[in-house]
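User: Could you pick one part of this model and take me through it closely? I'd like one connected account that I can follow on screen.

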Amino acid sequence: MESYIGKIKEISERLLNDGTVECVVGFRKGTVALTNEPCMITKASDVKDLVWDSNCRLNLANYLTGRKEKIAVIAKGCDSRNIVNHIIENKISREQLVIIGVPCKGMVDKNNPESLQSNCATCTHRNPVIYDELCGELVEEQTDVDKYEDVRAVEAMETQEKWAFFEELLSGCTRCYACKNACPLCYCPTCFVDESQPQWIGKGTDPIDVRTYHFLRAYHCAGRCTDCGACEAACPQNIKVRQFTKKLEKDCNELYGWEAGLTVDQRPPLDSFKLDDPDKFIM
Amino acid sequence: MKVIKIDKKTWAGGINSLRSGYRLIGPVVKGDAHDFAELASDEAPDMAFGNTRLSPKSVIFPQSEPMFTYSLDESDPEHHILKDSTKDYSPRAVIGMRPCDAKAISLVRMNFDTPDYRDPYWMDAYDATTFVGLACDNPCTTCFCTSAGCGPYHEEGLDVLLSDCGDAYEAKALTEKGEKLLAAAGWDAEGDVSIFEPKKADAEAKITCTVETGNLRGKNSLDLYDAPFWKELSFACINCGTCTYTCPTCWCFDIQDENKGKEGVRMRNWDSCMTSLFTMHGSGHNPRTEKHQRFRQRFMHKLKYFVDKYDKGLMCVGCGRCVQQCPANIDIRTICNKMNGYEAAS
């Protein structure tokens, strides 16, 4: 994947030089091992700072929210799907963007550099779904992967066992909100956790408040989450927060045949109504 | 200053002896990292760690701490009267904290123990605690303590400093509290003070990353505040609380009333200047609505305002946790060097 960088630089330089865009959103080399830093390049002479390798974990769609300028953005498969979400949800307009697509073979796990991140290992949309420029040959999509093995294991648990599992899962959470802040979906001007009139949720480490935060956040991502893994990559406590979003991703797939962020032409299922929508889950 | 040799064969026994007089807190494995936690009655501190994921600041300053309880039931003659929450300030000891974390506690004390004001919760917990440090013979690659006014054998804030010498710890008692703890553990073999200087020099030599800080105090605050680099440096920042919560010197808190039915608890919780809510006024006005403003505040506080106010160096001990854990690779070393080297255009 490192070979893409030459092309990324070439395209970025051209777009900045001819005035097509005002800036390029990409990654520059990080100061610690296995980490790169999202950056915004505004001068063609700084294009040399751009890097692309298996440590570009954060989702760059998160850096586009509400911006007004003309932007070139480097997008692997999941970033491109969140860009689609952003376009549907009016967080950026398609006309503002030049999407530099990067076919992706996965990001490495920051805690276990011998392996891919678990979302990447089972990713079925490695190629960007929307792009204006492409940095390399499209890669073969994985078809024989089981994305939901871990979700099914939780589904099969008894109620008490599930509680114990979630309690253990969230026991290290400090409410730093890295998961939601790294997530391109979490752009509400005031998150429900920050509302004070009325206040929906306590601010401390009471397990009820911690769970409320994670459960509500996950539900807010239903039908929108692309399983990009930025939340888990960001979590300083290495909490597997995708356990929640993946369950909802699976439900949306099973109930509505829906995968988020594949097309700008269709509203997500929880954002639209059809007479034949499934309703068995309504009490 | 007394130096005691603790043969590791007597370590577990000594720790057990301490349990009758102290609540023990030490490094334990939690998930995939070490963190400080109260040790169970049969649990020993796990001293084989680089640095813990969170600092032990929560031993003195818990993330969520009840201050008062109250009743909202108007038939209760004492309704709406704040009553002190029950607290346990019996003696406790932190075993195996790194010298940087101990120095951090002495920096934080400047905020909670001033000539005008003594924070009772922080200070009562502090007074109840004996701090037993473990010198760092193998610092992490992100450690920059030696240029942040600290070091792998720094003694400030500690009651005892342990140095791991293979089969034994050499324990330097730095305060009376420390001597008392060593005696309570039954460790009394005479130690060898001469090992400390060469081991300290070896450990310091292993720390290769540094920050430049010499010019910070001389800089004009407004020049730094208005410096053109804040937006660029903060671009990647996602404004989460990772850096503030993991930082041993971040002391900000928020006070919240939590009611359930007619009962309530007034809590104080860690807060983070990285969040917009931190500066939200009751009027709805918010002086720090932009990401770069919050980012600037954090670094200006640590590397300029604190430096100017107390003249005790940085509000940073170089533990490197924020550098390691920041999801977006915001690196305080880079910011510090940038601030230190900044010359405002005249």
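This is a predicted model: local features need pLDDT of at least 70, side-chain atom pairs count only at pLDDT 80 or more; totals for chains, interfaces and linings use all residues.

Analyst: Two strands are said to pair if DSSP finds at least two bridges between them.

Strand 2 (residues 23–30) of chain B runs parallel to strand 6 of chain B, and 3 bridges join them. To find this pairing on screen, pick Ile25(B), whose bridge partner in strand 6 of chain B is Val94(B).

Now turn to strand 3. Strand 2 of chain B pairs with strand 3 of chain B over 6 bridges, this time in the antiparallel sense. One of these pairs is Lys30(B) with Ala33(B), the latter in strand 3 of chain B. The two strands form a hairpin with 2 residues between them, and Gly31(B) there takes a positive phi near 65°.

Strand 6 (residues 92–97) of chain B pairs with strand 7 (residues 129–134) of chain B in the parallel sense, over 5 bridges. Arg92(B) has Thr129(B), in strand 7 of chain B, as its bridge partner.

Put together, these pairings belong to an open sheet of 8 strands in chain B, with the order 3-2-6-7-8-9-1-10 and mixed pairing. Strand 3 (33–38) and strand 10 (189–190) of chain B are its edge strands, each pairing on one side only.

Where else does chain B form a sheet? An open sheet of 4 strands has the order 5-4-12-11 in chain B, and its pairing is antiparallel. Its edges are strand 5 (83–84) and strand 11 (253–260) of chain B, and each of these pairs on one side only. Strand 5 of chain B is joined to strand 4 (residues 64–71) of chain B by 2 bridges, and the two run antiparallel. Look for Thr69(B) here: its bridge partner in strand 5 of chain B is Lys83(B).

Let's step back to the chain that holds these sheets. Chain B has 11 helices and 12 strands. Its radius of gyration is 22 Å, close to the 20 Å that the globule rule gives for 346 residues, so chain B is as compact as a globular protein of that length. Along the principal axes, the C-alpha atoms of chain B fill a box of roughly 65 × 60 × 40 Å. Of the 346 residues in the chain, 45% count as buried. Among contacts in chain B with a separation of 6 or more, 71% are between residues 24 or more positions apart.

Gly31(B) has a positive phi, and a residue other than glycine has one too: phi of Asn239(B) is near 60°. You will find Asn239(B) in the loop between helix 7 (230–234) and helix 8 (242–246) of chain B. Is Asn239(B) buried or exposed? Asn239(B) counts as buried because it has 20 other C-beta atoms within 10 Å, and the cut-off for buried is 20 or more. For a contrast, visit Asn90(A), which has a positive phi of about 60° although it is not a glycine. Asn90(A) sits in the loop between helix 2 (77–88) and strand 5 (97–101) of chain A. Asn90(A) is exposed, with 8 other C-beta atoms within 10 Å.

While you are on chain A, see how it meets chain B. The contact takes 28 residues from chain A and 29 residues from chain B. On the side of chain A that touches chain B, strand 2 (36–41), helix 6 (178–181) and helix 8 (230–234) of chain A each supply at least two residues. Strand 2 of chain A gives the largest share of that side, with 5 residues. By type, the residues of that side of chain A divide into 12 nonpolar, 12 polar and 4 charged.

Note on methods. Residues are numbered from 1 along each chain as its sequence is written. Chains are lettered from A and ligands numbered from 1 in the order in which they are written. Two residues are in contact if their C-beta atoms, placed from the backbone, lie within 7 Å. Ala, Val, Leu, Ile, Met, Phe, Trp, Tyr, Cys and Pro count as nonpolar, Asp, Glu, Lys and Arg as charged, and the others, Gly among them, as polar. The radius of gyration is taken over C-alpha atoms; the globule rule is 2.2 Å times the number of residues to the power 0.38. A residue is buried if 20 or more other C-beta atoms lie within 10 Å of its own, exposed if 12 or fewer, and partly exposed in between; C-beta atoms are placed from the backbone.
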